[in-house]
Amino acid sequence: MRCTALLVLALLAAPAARAFDLADLMMRLAARGDAAASFTEEQHLATLDRPLRSSGELRYRASGELEKRTLAPRAETLRYADGIAWSERGARTRRLDLSRYPQVLPLVESIRATLAGDAQALTQRFEVDLDGHASAWRLQLRPREAQARALIRVIDIEGRDADVTRLVLERPNGDRTVTTLMPHAP
Amino acid sequence: MDARRARVVGVWLAIVAIAAVVALRARYTADVSGFLPDAPTAEQRLLVEQLGNGPASRLLLLAIDGADAPTRRALSQSLAARLRADARFTFVGNGELQAADGEFLRAHRYVLADTVTPGRFTTDGLRAAIEDTLFELTGPAGLLLSDLLAADPTGELTALASSLEAGSAGPRSDEGVWVSRDGARALLVARTAAGGADTDGQQAAIEAIRREFATLPGNGGAPTLEISGPGVFAVEARAAIVDAALKLAILGAVLTMSLLLYVYRSVAAVALGLVPIASGALAGVAAVALGFGTVHGLTLGFGVTLIGEAVDYAIYLFVQLGGGNDEAHRAAWRRDFWPTIRLGMLTSICGFAALALSSFPGLMQLGLYSTAGLVGAALVTRFVVPMLLPERFRLRDLDPVGERLRGLAARAQRWRGRAALVIVLAIGAAGVLVLHRDRLWQTELASLSPVPVEAQHRDAALRAELGAAEVAQAVVVAAIDRESALRGAEAVARALQPLVEAGTLGGFESPSRFLPSAATQAARRAALPPPEVLRARLPPALEGLPLSLDRLGPFLADVERARTAPPLTRDDLRGTSFDAAVESLLLDGEDGTRALLPLRAASETQPLALDAVRAAVASSGVAGARVLDLKQETDAMYRGYLGETVRLALVGLAALVVLLTLALRSPWRAARVTAPLLLSVLCTTALLVAAGRQLSLLHVVGLLLTMAVGSNYALFFDGAARGNVALDRPATYASVALACVTSVVGFGVLALADVPVLRALGETVAPGGALALGFALLLAARGARA
């Protein structure tokens with residue numbers, strides 16, 4: 001009964017309070033600047049008997065650079081900016097031109113553009129749906145390009161305020177990657 | 001008289017007929033290699049091949065400008081698709097991954113990947129490789145790799161793809177399509193089926209590209225297509241040369257003929273004036289045909305302009321005959337003028353005969369052509385033309401003009417300031433040359449190229465954007481057959497790899513990447529275990545990993561297929577983009593096969609570490625391997641010719657001084673005649689340099705030609721001023737002035753050409769001739785007449 005009352009209240013309040021939209025979210029994210037979080041990632045692949053786990057640190061700098069430092073199962077640092085990824089394993093650095101792989105680029109760009117609050121980049125590549133409110137939002141990104149759709153069904157990004165807390169990648173073949181983020185001070 | 005005329009004309013016609021037969025039977029070539037040395041080094045032979053029909057000559061570079069990035073991308077994709085369906089192109093690249101390429105790499109990964117070693121397929125090796133692959137899945141490429149896991153758990157395809165990517169610099173990509181560094185243009189390359197020397201084939205291919213592009217859907221007219229490359233240059237150069245040669249020849253002829261007609265007021269004289277030129281040209285062609293067997297198209301082009309001096313002979317004859325063509329006038333001309341003309345011709349020949357000693361076949365031909373041509377023209381002027389002239393031949397009376405010119409000359413020669421003026425000019429010109437001494441000479445072969453400098457720059461920029469598309473610096477492995485060449489390439493690649501890892505070298509390509517030697521393929525196959533062995537090793541290797549054997553059916557099948565497959569051959573590459581790569585990197589010739597390993601510098605701003613490469617190649621122990629720097633090679637070759645040409649020109653000058661000293665029986669007089677020539681060469685050079693030109697081989701030829709035409713002026717004026725009453729007549733001045741004006745007009749027209757070689761001649765001889773006339777007038781010694 002109380003629930004129903006709350007729902008009624010919420011419905012009544014809705015027209016008065018302006019809806020939380022993509023512009024609001026992007027503005028908050030853009031204002032955030034640098035961001036850092038520890039992450040754990042689980043890949044659920046049909047080929048594998050059990051999920052593949054990895055964990056480490058994710059860092060975003062307002063300059064546009066995304067850094068993914070994997071600590072387990074082994075160490076690798078990936079830096080990404082302007083379509084180019086650099087991978088560091090021990091002394092070995094490798095350059096990977098992601099702009100050559102239009103299927104892969106949207107995945108990296110979805111994270112970068114969200115953390116940067118870059119609405120234009122997001123809407124250019126994805127059909128964007130936003131649910132929730134400022135303290136609990138959920139972005140659903142569906143690639144526009146056919147090549148990317150072959151590998152990515154949807155990217156689900158959840159967050160609160162200017163923090164991303166969870167990222168789920170769903171593949172057309174049912175494979176999923178779930179990344180959980182624990183934001184901390186950069 | 002009539003009997004003699006019949007005899008002379010008969011002999012002349014007989015010689016003309018013989019020369020015509022020789023000229024008609026000669027072989028004419030427009031092939032660049034015909035102009036290059038006869039016995040080139042292996043490197044130069046490679047260069048000539050590359051210029052002629054090599055794969056590099058068949059590469060067209062395309063850039064789409066305008067509109068927005070998605071439009072350019074769509075245009076690039078649809079243009080590439082259309083060209084790939086066109087038989088005129090053997091390869092079209094725009095950055096899109098081709099399904100056939102992926103299929104090829106996947107099907108042959110176990111003989112292509114250098115990670116395939118016996119150790120890789122032991123239990124420990126398998127485990128390490130599978131662990132690596134599982135870790136790769138967490139990276140950015142994981143999205144692509146997860147579908148391959150069951151077939152390629154050891155990650156051979158990943159290793160292969162990353163080694164291929166490391167080998168080629170390639171352009172930047174945007175959303176899978178090549179773009180320029182600033183992202184403002186989409187880039188493509190297309191390799192034509194037609195060879196680079198097949199200009200018609202190139203033209204058809206280029207027109208096909210333009211046609212397809214113009215009719216692409218979504219091309220609203222705003223986007224533009226730029227095409228560059230050797231084929232485009234060949235087509236444009238042919239058009240430019242034909243256009244320039246035709247237009248300028250017609251323009252020059254019309255101007256000269258109208259001028260002569262205006263002056264002579266006699267159609268017969270103008271027409272007869274062509275007789276020595278045509279005879280000289282024919283004599284030149286026949287001499288070259290006899291001497292060389294083949295006549296180069298360029299020789300004909302330049303040679304006709306060198307004959308420009310032959311026009312003067314007829315002018316001297318007609319104007320100096322003056323009153324009429326009776327025996328008395330002719331005898332007077334033979335006595336008074338002919339010796340001077342003969343001496344002028346001999347001095348000209350000194351310069352051109354020196355060129356015939358060159359080791360540059362092109363210059364040898366030019367030297368022989370000009371020598372034979374001038375002798376022929378002079379002899380025909382002396383013996384034949386007077387026979388053809390009507391007895392009652394009369395020109396407009398030029399004596400009033402000549403008289404005025406003579407007065408002018410006399411005043412100039414009495415002017416006290418003339419020595420000062422000449423000295424000031426000489427010092428000024430020398431000063432200009434000293435100031436520009438570091439960049440007087442154009443030391444690159446490209447200076448002879450008929451391609452406009454601007455187009456060369458655009459091509460270089462496009463080439464740089466497209467990455468290692470050029471075979472400018474490479475290791476060449478020469479071997480008796482393909483297998484040995486590939487083995488050599490593999491050994492060199494092993495020696496170069498540490499340089500790449502140390503960052504000394506940016507990377508290199510090798511045909512063995514796509515087509516390993518049979519020996520390497522056999523070794524890799526031998527490293528693959530039979531199915532029962534692999535099946536037994538996998539369970540312990542997979543222990544504790546999230547992957548189990550029952551998922552790896554595709555892997556077991558692929559390994560067994562690779563283990564028992566026939567060797568990979570050249571034919572298996574058909575239909576992939578690697579076919580074009582191997583075609584350009586593995587060159588079959590008469591004396592065996594050469595493998596090319598093009599090198600890439602560690603960074604664009606740094607020169608290639610050639611010394612380190614040489615050391616590595618030496619350490620590889622491959623006997624037929626050499627480091628080749630084509631640009632350096634061609635430029636060294638060109639600088640060699642340039643230096644030699646300058647030395648030969650100086651030899652010619654020395655011969656000229658000796659000849660004049662003997663003929664004039666006085667070193668002092670020889671010096672007086674030579675001085676205006678040297679001064680005009682000095683001032684012409686200074687003018688060119690001050691105008692921002694760097695001197696090329698053709699400028700040197702132009703300077704020789706300047707001395708050739710100028711020597712006649714100097715000899716006439718010297719004779720006249722010295723008090724040779726026969727020469728000190730208005731007709732002398734009028735004829736020399738007219739000869740000078742026709743030369744300046746004829747060569748001035750050439751100076752307008754867009755083709756550098758023609759322009760070089762024109763812009764040298766036009767001012768040079770005028771200056772020679774001025775200096776000859778000013779410096780003629782006031783002798784007995786004073």
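This is a predicted model: local features need pLDDT of at least 70, side-chain atom pairs count only at pLDDT 80 or more; totals for chains, interfaces and linings use all residues.
A residue is called buried here if 20 or more other C-beta atoms lie within 10 Å of its own.

**View 1. Helix α21 of chain B and its buried residues.** This helix covers residues 482–501 of chain B. Look for a bend of about 30 degrees at A495(B); a proline, P498(B), follows within four residues. A495(B) is also one of the buried residues of α21(B), which include L486(B), V492(B), L496(B) and L499(B) as well as the charged residues R487(B) and E490(B). Just after the helix, G503(B) takes a positive phi of about 85 degrees.

**View 2. Helices α18 and α30 of chain B, packed together.** Here residues 399–414 form α18(B) and residues 730–750 form α30(B). Their axes lie 7 Å apart at an angle of about 90 degrees, so the two helices are roughly perpendicular to each other. On the α18(B) side, the residues that meet α30(B) include V401(B), L405(B) and R406(B); among their partners in α30(B) are P730(B), Y733(B) and A737(B). By class, this contact has eight nonpolar, one polar and three charged residues.

**View 3. Where chain A touches chain B.** Chain A gives 28 residues to the contact, and chain B gives 22. On the chain A side, the elements that give two or more residues are the strands β1 (35–44), β2 (52–60), β5 (84–89) and β6 (92–97), together with helix α3 (105–116). This side has 14 nonpolar, seven polar and seven charged residues.

Notes
Residues are numbered from 1 along each chain as its sequence is written. Chains are lettered from A and ligands numbered from 1 in the order in which they are written. Two residues are in contact if their C-beta atoms, placed from the backbone, lie within 7 Å. Axes are lines fitted to C-alpha atoms, for helices over the stretch in contact, and angles run from 0 to 180 degrees between N-to-C directions. Angles under 35 degrees count as roughly parallel, over 145 as roughly antiparallel, 65 to 115 as roughly perpendicular and the rest as oblique. The expected span of a helix is 1.5 Å times one less than its number of residues. The bend at a residue is the angle between axes fitted to the seven residues ending there and the seven starting there. A residue is buried if 20 or more other C-beta atoms lie within 10 Å of its own, exposed if 12 or fewer, and partly exposed in between; C-beta atoms are placed from the backbone.
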